[in-house]
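Reader: Hi! I'm new to reading structures, so please take me through this one slowly.

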Amino acid sequence: MPTALTPQAALLRVLITGEGYALDLMRRISEWTNGKMLLDDQTFYPAMRALETHGLVESYMSEPTGQRGGQPRRYYKLTAAGQKAALEVLTASLTGQVVF
């Protein structure tokens with residue numbers, strides 16, 4: 001029986017295609033799920049913290065840019081363990097074990 005896609009699983013799935021910052025990752029999830037899953041700040045950050053706590057994702061701050069008024073941006077990327085977990089999510093979604 002299929003299980004519902006969680007925010008953590010969705011984040012792992014979109015991070016397969018490359019690192020990203022919060023708004024970028026939220027947009028990529030929306031596009032991947034055809035708008036069926038929309039993350040906001042209150043969902044994104046707790047999910048990302050959980051992934052970081054479990055060693056699946058790591059983050060870093062970018063160099064400050066003029067586009068953001070000199071503020072750096074936090075980027076997120078998969079760790080080796082996260083890549084393995086992300087591939088499991090991808091396989092589950094392709095085989096219909098995870099639905100959104």
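This is a predicted model: local features need pLDDT of at least 70, side-chain atom pairs count only at pLDDT 80 or more; totals for chains, interfaces and linings use all residues.

Author: Happy to! Let's start at Asn34, which sits in the loop between α2 and α3. Residues are numbered from 1 along each chain as its sequence is written, and side-chain values use heavy atoms, with hydrogens and water left out.

Reader: Is Asn34 buried or exposed?

Author: Asn34 is exposed, with a relative accessible area of 66%. Buried means under 20% relative accessible area, exposed means over 50%, and partly exposed is in between (1.4 Å probe, protein chains only). The phi of Asn34 is also positive, near 55°, in a residue other than glycine.

Reader: Switching topic: which residues touch the most other members in the largest nonpolar core?

Author: That core has 24 residues, and Leu11, Leu12, Leu25, Phe44, Met48 and Val57 are the ones touching the most other members. Two or more residues each come from α1 (7–15), α2 (22–32), α3 (41–53), β4 (74–78) and α4 (80–94). With six residues, α1 gives the most. A nonpolar core here is a set of buried Ala, Val, Leu, Ile, Met, Phe, Trp, Tyr and Cys residues joined through side-chain atoms within 4.5 Å. In soluble globular proteins, nonpolar side chains tend to be buried together.

Reader: What does Phe44 touch?

Author: Leaving out residues up to four places away in sequence, Phe44 touches Leu11, Ala22, Leu25, Met26, Leu39 and Tyr76. Contact means heavy atoms within 4.5 Å.

Reader: And how many aromatic pairs does the structure hold?

Author: Four. Phe44 is buried at a relative accessible area of 0%, and Tyr76 is buried at 4%. Tyr60 and Tyr75 make a stacked pair, 5.7 Å centre to centre with 15° between the planes. Tyr60 lies in strand β3 (residues 57–61) and Tyr75 in strand β4, so that pair ties together parts 15 residues apart in sequence.

Reader: What counts as a pair, though?

Author: Rings of Phe, Tyr and Trp (its six-membered ring) pair if their centres lie within 6.5 Å; planes under 30 degrees apart are stacked, over 60 edge-to-face, and the rest tilted. Ring pairs also link Tyr21, Tyr60 and Tyr75 into a cluster.

Reader: Nice. Now α4: which residues are buried there?

Author: Gly82, Ala85, Ala86, Val89, Ala92 and Ser93 are buried in α4. They cover an arc of only 120° around the axis, which puts them on the same side of α4. That arc is taken from the directions from the helix axis to the C-beta atoms.

Reader: So which exposed residues does the face turned away carry?

Author: Ala80, Lys84, Glu88 and Leu94 are the exposed residues on that face of α4. Just after α4, Gly96 takes a positive phi of about 80°.

Reader: One last thing: where is Ile16?

Author: Ile16 is in the loop between α1 and β2 (20–21). Ile16 is partly exposed, with a relative accessible area of 32%. Not counting residues up to four places away in sequence, Ile16 touches Leu78, Ala86, Leu87 and Leu90. Ile16 and Lys84 are 68 residues apart in sequence but 9.8 Å apart in space, C-alpha to C-alpha.

Methods:
Helices (H or I, at least four residues) and strands (E, at least two) are DSSP runs, numbered from the N terminus.
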